[in-house]
Amino acid sequence: MRPTYLTIDTSLVRENLRKIKDSLPEWSTSTAVIKANGYGHGSVMMGRIAVEEGYESLAVAIPEESVPLRNAGIMVPIYLLGLTRPQSFELVADTNSIPAVCESTDLEALNKVADNHDIIIRVAVAVDTGMHRIGIKPEDAVEFIKRVESFPNLAVDGFFSHMSNADAADQSHAHGQAQKFHTMVDEIRAFRPNEDYRFSLANSAGLLSVKDSLFTDARPGIIQYGIMPSLDVPNRLGLKPVLSFHSEVVHVQHLDAGEGIGYGSTYVTPGPMTIATIPVGYADGYPRSLSNRGTVLIQGTRCPVVGRICMDQFMVAVPDTITVKPGDKVVLLGSQGHESISALEIAALASTIPYEIFCGFSDRVPRQYI
Ligand SMILES: Cc1ncc(COP(=O)(O)O)c(C=O)c1O
């Protein structure tokens with residue numbers, strides 16, 4: 001096996017999922033958001049664990065992401081959070097997914113596909129409560145129900161909206177979104193008192209810090225993996241990161257002063273130095289923006305990245321306090337000895353967010369589940 005791999009601690013995933021579920025009132029269902037290959041953690045494994053932990057449904061972005069889940073025998077409802085174009089409606093039917101719909105959706109074409117398959121396709125109505133990404137206006141919900149109901153092979157499963165500022169210190173926008181959703185829910189319930197629609201607003205940040213954002217269903221993503229959506233969201237459930245990134249030193253060299261390292265020689269040794277080469281690059285999802293900025297752990301010691309990250313390799317400076325040889329274990333994300341490197345640290349250095357770091361880990365890095 002490649003010496004470079006991601007480790008995902010499944011007992012910690014379970015612990016996180018349980019803590020999230022236990023924090024919800026018993027009337028709330030939970031949908032585990034496992035799009036983008038489970039935020040890089042592996043959607044099939046994450047989906048399986050979520051179902052075993054009692055999560056009633058899963059959510060991905062596009063119907064293609066439902067395929068591996070269905071092939072793995074996962075049969076719970078799968079919601080598609082993005083809008084699906086007509087050329088993918090067949091896949092919606094084949095995978096028995098619940099597509100997001102709004103006024104941009106060709107409901108007639110969707111109904112036709114459902115009719116051809118002799119099935120009813122359930123749809124989740126996307127509602128724009130203030131993010132302005134996708135969705136109908138909340139005040140149009142009742143009319144939209146009537147429109148969906150005009151198609152014999154379509155049925156409304158429920159309504160969802162997404163929060164754009166729930167992870168901010170200032171919660172006024174988040175409460176505004178929750179309030180709009182609330183008003184819409186009241187109108188729908190007055191119109192259809194006997195329907196048991198699913199109403200879903202709260203994402204991770206909503207669940208942890210915006211009380212009025214929980215309706216009948218919770219939709220956590222990043223917190224399942226033990227990562228907070230932002231520094232402004234307190235980890236009040238004590239969730240723990242589940243993923244670490246490992247490799248091994250492949251080469252060690254001793255250089256004199258004045259040697260340029262890597263493409264463009266952007267780092268020049270200020271004096272005699274020991275340099276170790278790590279067989280990981282931006283093609284694995286280790287961001288190139290960590291060139292001359294990142295740090296890895298070898299023998300529990302922080303070793304700074306020197307020079308540019310290449311496609312498949314990069315170099316680090318080895319402090320004089322340790323002696324390094326090929327085969328020494330390297331931690332790029334996670335703990336070694338008393339030191340640790342968090343996803344947030346890497347994301348901050350790379351001027352991005354942990355979400356992007358996780359989604360960026362490529363298929364060429366094996367996932368090891370422990
Ligand atoms: C529509 C929708 N719902 C839920 C989530 C989960 O968000 P988070 O990972 O912040 O919990 C996302 C993530 O991007 C999303 O797009």
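Of the cysteines, Cys102 counts as buried because its relative accessibility is 2%, whereas Cys359, at 41% relative accessibility, counts as partly exposed; here buried denotes under 20% relative accessible area, exposed over 50%, and partly exposed the range in between, with a 1.4 Å probe and protein chains only. The model is a predicted one, in which local features need pLDDT of at least 70 and side-chain atom pairs count only at pLDDT 80 or more, while totals for chains, interfaces and linings use all residues. Residues are numbered from 1 along each chain as its sequence is written, and side-chain values use heavy atoms, with hydrogens and water left out.

The chain comprises 11 helices and 20 strands, where helices (H or I, at least four residues) and strands (E, at least two) are DSSP runs numbered from the N terminus. Its C-alpha atoms fill a box of roughly 75 × 45 × 35 Å along the principal axes. Among contacts (heavy atoms within 4.5 Å) between residues at least 6 apart in sequence, 65% join residues at least 24 apart.

Helix H2, which spans residues 35–39, contains Lys35, the residue that UniProt lists in an unreviewed entry for "modified residue: N6-(pyridoxal phosphate)lysine". UniProt positions are given in the numbering used here, feature names are shortened, and annotations may be inferred rather than shown by experiment. Lys35 counts as partly exposed because its relative accessibility is 29%, and, when neighbours within four places in sequence are left aside, Lys35 is in contact with Ala59, Val60, Ala61, Glu65 and Leu81. Ala36 is also found in helix H2; this residue has a positive phi of about 50° although it is not a glycine, and is partly exposed, with a relative accessible area of 31%. Most residues other than glycine have a negative phi. A positive phi, of about 60°, is likewise found at His132, which is not a glycine; His132 lies in the loop between strand S6 (121–127) and helix H7 (141–149) and is exposed, with a relative accessible area of 63%.

In helix H3 (residues 43–52), the residues Ser43, Met46, Gly47, Ile49 and Ala50 are buried. Seen down the axis of H3, these buried residues fall within an arc of 165°, and therefore line one face of the helix; the arc is that of the directions from the helix axis to the C-beta atoms. Just after H3, Gly54 takes a positive phi of about 90°.

Leu24, in the loop between helix H1 (10–22) and strand S2 (29–33), is buried, with a relative accessible area of 13%, and touches Thr29, Ser30, Leu207, Leu214 and Ala218 when residues up to four places away in sequence are not counted. The C-alpha atoms of Leu24 and Pro193, residues 169 apart in sequence, are 24 Å apart in space. Pro229, in the loop between strand S9 (217–218) and S10, is buried as well, with a relative accessible area of 7%. Its C-alpha atom is separated by 9.9 Å from that of Gly206, 23 residues apart along the chain; leaving aside neighbours within four places in sequence, Pro229 is in contact with Asp167, Ser204, Ala205, Ile222, Ile223 and Tyr355.

The unreviewed UniProt annotation "domain: Alanine racemase C-terminal" covers residues 242–370, a stretch over which the chain is 11% helix and 39% strand, with the end C-alpha atoms 10 Å apart. Within strand S10 (residues 243–248) lies His246, which counts as buried because its relative accessibility is 17%. The side chain of His246 makes a polar contact with the side chain of Ser244 at 2.9 Å, a polar contact being a pair of N or O atoms within 3.5 Å, of which, within protein, one must be able to donate a hydrogen and the other to accept it, with residues adjacent in sequence counted only if both atoms are side-chain atoms. Not counting residues up to four places away in sequence, His246 touches Pro3, Thr4, Tyr5, Thr7, Val330, Val331 and Leu332.
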